[in-house]
Amino acid sequence: MKFGSIITSLLVVSAGAFVPLPPHSTPTTTSPSSLHAALSEGDMVYLIGPGFLQLVVAKTCKAAGLKPVVVAPQSKLDNFGQLLEDEEILSESTIGMPEVGEPHFGKLAAVVFCAEDAVLPSTYIQRVLDYSDKGESAFVDGSLKKVVMCAPVAGKTTEQKSMGWIPIFNNDKKKDQMWDDLVEAFQKHPTYKGDVGSLVRFGSLLGGSVDGPDCIKELGISEKMYKMSLEQYRDLKERGFDRYKLGAQILEGNAVNTIPPNQEKMEKEALENEDKDVFKVVSGYPEVDRANRHTVAQAIVQSLLREDGSYPKEMTVLSKAVSQFPSDSEWDELFSNPGPANWPDPYSFDIEDYKNIVLE
């Protein structure tokens, strides 16, 4: 098992989750509408983390008929069982790249770098994407079909603390530099310069468990994740995202959905306080710079199942207030015409239409 010792040596505290297929979309293994899937049923996907997002992507891959392999330090794998609650995925997990003679060798079809925190050194790009053992490639037919790099969006208006946040003075600048170095190394690699590589940026991550609509019940990780933060009221934010923020915004490149200058003023004038709370969890109300882990994982898996060039080379995934996932045809539109979601008009909002909404 190569470079396992390097992964194991990292001190990682991170988060992540899973995005299920929408209830009204074509289930599991069928490729998105009229597009030939780049990956096919049974293809092996190496998910390099660790973190909650990694676990969510693993469950989403499995639901789509792919074979996810969670790659993380052994100490993290030992703790993932209580969160994943999936023995099949756990049994395939590993601490590093496979060697000749091991079951995964020669079967790797795709790699997704999906750590939530700045823990992966830039040297991992070459170590993974150019990997071989004894002169033989670990990849299917000698090359990868897909490579996805996940990284946080820059320019966030509000900095949401990561799930593993602890108060360390002047640590943010170091994390930003690590992310910059990792992304730069990926973008310089031939894999990204060619057709198979893509960059998925995510907003501040929330949600990823099962306290929400039926579409996340089988794909979320344990509700224990809601409590794994030192931040006050964090569990309520996480649950709120799983209940109300499953819709997707796809923005091309590295971007956020900046709130219009008069939006807050209009909401203050048009809505009472309680009405304003409901307004923000219905009608597709967009997030400026935050994303549900389920939504990000859904976007990642959708891109794995699509032909190169049918989605943005670099895109940012943000959430909006819809309590279900996009259908395949809606993903077609999101990828074909990326852009920020429109901000709803508070003057046209009628609270009577949402009497059944219960906010906790």
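## A colleague's note on this model

1. Let's start with a charge and a ring: Lys313 lies over the face of Tyr192, 4.7 Å from the ring centre. For a charge to sit over a ring, NZ of Lys or CZ of Arg must be within 6 Å of the ring centre and within 35 degrees of the ring normal.

2. Before going on, a word on what you're looking at. This is a predicted model, where local features need pLDDT of at least 70 and side-chain atom pairs count only at pLDDT 80 or more, while totals for chains, interfaces and linings use all residues. Residues are numbered from 1 along each chain as its sequence is written, and side-chain values use heavy atoms, with hydrogens and water left out.

3. The overall picture: the protein has 12 helices and 11 strands. Of the 360 residues, 54% are buried. Here buried means under 20% relative accessible area, exposed means over 50%, and partly exposed is what falls in between (1.4 Å probe, protein chains only). Among contacts (heavy atoms within 4.5 Å) between residues at least 6 apart in sequence, 84% join residues at least 24 apart.

4. Back to the rings. How many aromatic pairs does the structure hold? There are eight. Rings of Phe, Tyr and Trp (its six-membered ring) pair if their centres lie within 6.5 Å; planes under 30 degrees apart are called stacked, those over 60 edge-to-face, and the rest tilted. Tyr192 turns up again here, in a tilted pair with Phe186, at 5.1 Å centre to centre and 55° between the planes. Phe186 and Tyr192 are both buried.

5. Another pair worth a look is Phe279 with Phe349, which is edge-to-face at 5.1 Å between centres and 65° between planes. Phe279 belongs to helix α10 (residues 273–279) and Phe349 to the segment after α12 (328–336), so this pair ties together parts that are 70 residues apart in sequence. Phe279 has 1% relative accessibility and so counts as buried; Phe349 is buried as well, at 15%. These two also belong to one aromatic cluster with Tyr285, Trp343 and Tyr354.

6. Next, have a look at helix α11 (residues 293–304). From first C-alpha to last, its 12 residues reach 17 Å, close to the 16 Å expected at 1.5 Å a residue; the expected span is 1.5 Å times one less than the number of residues. Is α11 enclosed or exposed? With 12 of its 12 residues buried, α11 is largely enclosed by the rest of the structure. The buried residues include Arg293, His294 and Gln302. At the start of the helix, a side-chain oxygen of Asn292 comes to within 2.7 Å of the backbone nitrogen of His294.

7. Strand β9 (residues 247–252) is mostly covered, with five of its six residues buried. Which strand does β9 pair with? Its antiparallel partner is β11 (residues 314–320), over six bridges; two strands pair if DSSP finds at least two bridges between them. Within this pairing, Glu252 stands opposite Met315.

8. The loop between β8 (204–206) and α8 (234–244) holds Ser222. Ser222 counts as buried because its relative accessibility is 7%. Neighbours within four places in sequence aside, Ser222 is in contact with Gln82, Leu83, Glu85 and Ser209. Gly212 is in the loop between β8 and α8 too. Its C-alpha is separated by 8.4 Å from that of Gly240, 28 residues away along the chain. With neighbours within four places again left aside, Gly212 is in contact with Lys217, Asp242 and Arg243.

9. Finally, some backbone details to check on screen. The Gly49 to Pro50 peptide bond is cis, with omega near 15°, and Pro50 lies in the loop between β1 (44–48) and α2 (52–63). Asp141 has a positive phi of about 55° although it isn't a glycine. You'll find Asp141 in the loop between β5 (136–137) and β6 (146–152), where it is exposed at 80% relative accessible area. Ser283, also not a glycine, has a positive phi near 60°. Ser283 lies in the loop between α10 and β10 (290–292) and is partly exposed, at 41%.

Definitions and conventions:
Helices (H or I, at least four residues) and strands (E, at least two) are DSSP runs, numbered from the N terminus. A polar contact is a pair of N or O atoms within 3.5 Å; within protein, one must be able to donate a hydrogen and the other to accept it, and residues adjacent in sequence count only if both atoms are side-chain atoms.
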